[in-house]
Amino acid sequence: MIRIVSALALAGTVAAFSTAISVSWAQTPAEVAKAREDIMDHLWPNYYRDISQVARGNSTDVAAVATKAAGAVDALKKFATLFPPGSGREAVPTTRAKPEIWSQRAEFDKATSDLIAATTAIGEAAKSGNVEAVKAQWPKVAEACGACHGGPKKSGGKFRFEE
Ligand code: HEC
């Protein structure tokens, strides 16, 4: 009997917990769009700029590459969760997220995971202390950004409105 009671109590706790989570995570579409824009806006200044300095031979701080790559991966994992259906321009007129994100979701998610993989690889190269390996991996990182941002000038990219 005690067992059942504590099982019920536990179930109650879990239910209360998940309610708390859904409440604290409940964001308006505008807030979700702002969160993903913030992540994208900070990718370069917070993480990739320092990585590029080493990749371009302007710095030898390989340790920074490992740290920054790990930070970028965390940010990108969060980014991937910030595209709930209904958070495009139909709800947030200022978002630059294109409808293709939702209509071609598998390709979009693959572009994110490709960037995560390329960034993880440059971090691993850095951990081995091999600057040449860091340099060799850099174009793959840039290419992975291009999967979403590339294309003809002013096109904004496959998944992003130019303005
Ligand atoms: C999986 C697709 C994807 C990849 C890969 C990607 N981005 Fe983005 N990026 C987007 C989307 C979508 C937006 C617009 C977000 C919004 O407005 O809600 C964006 C916005 C931005 C912005 C914000 C300002 C703007 O012009 O909208 C910058 C800066 C940016 N990205 C840089 C980068 C860099 C640097 C990389 C590679 C390190 C990268 N992005 C990789 C999809 C991607």
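This is a predicted model: local features need pLDDT of at least 70, side-chain atom pairs count only at pLDDT 80 or more; totals for chains, interfaces and linings use all residues.

Reader: Which residues come nearest to the ligand?

Author: The shell around the ligand holds 20 residues. A residue counts if one of its heavy atoms lies within 4 Å. Those that come nearest are Met40, Cys145, Cys148, His149 and Arg160.

Reader: Which side chains have an N or O atom at 2.8 Å or 2.9 Å from an oxygen atom of the ligand?

Author: The cut-off for a polar contact is 3.5 Å between N or O atoms. Another is 2.9 Å, to the side chain of Thr95. The backbone also takes part, with a polar atom of Arg96 at 2.8 Å from a ligand oxygen.

Reader: Which element gives the most to the shell around the ligand?

Author: Elements with two or more residues in the shell are α2 (29-55), α5 (105-127) and α6 (131-149). With five residues, the top contributor is α2.

Reader: How many residues of the shell are nonpolar?

Author: The shell splits by class.

Reader: How much space lies in the largest pocket?

Author: The ligand takes up the space of this pocket. Its lining has 29 residues, and those closest to the centre include Met40, His149 and Arg160. α2 supplies the largest share of the lining, eight residues. The space in the pocket is about 690 Å³.

Notes
Residues are numbered from 1 along each chain as its sequence is written. Side-chain values use heavy atoms; hydrogens and water are left out. A polar contact is a pair of N or O atoms within 3.5 Å; within protein, one must be able to donate a hydrogen and the other to accept it, and residues adjacent in sequence count only if both atoms are side-chain atoms. On a 1 Å grid over the protein atoms alone, a cavity is a set of points where a 1.4 Å probe fits but cannot get out, and a pocket is an open set with protein on both sides within 12 Å along at least five of seven lines; lining residues have an atom within 4 Å of a point. A molecule sits in a cavity or pocket if more than half of its atoms lie within 2 Å of its grid points. Helices (H or I, at least four residues) and strands (E, at least two) are DSSP runs, numbered from the N terminus. Ala, Val, Leu, Ile, Met, Phe, Trp, Tyr, Cys and Pro count as nonpolar, Asp, Glu, Lys and Arg as charged, and the others, Gly among them, as polar. Grid points are joined across faces, edges and corners, and a volume is the space filled by probe spheres set on the points.
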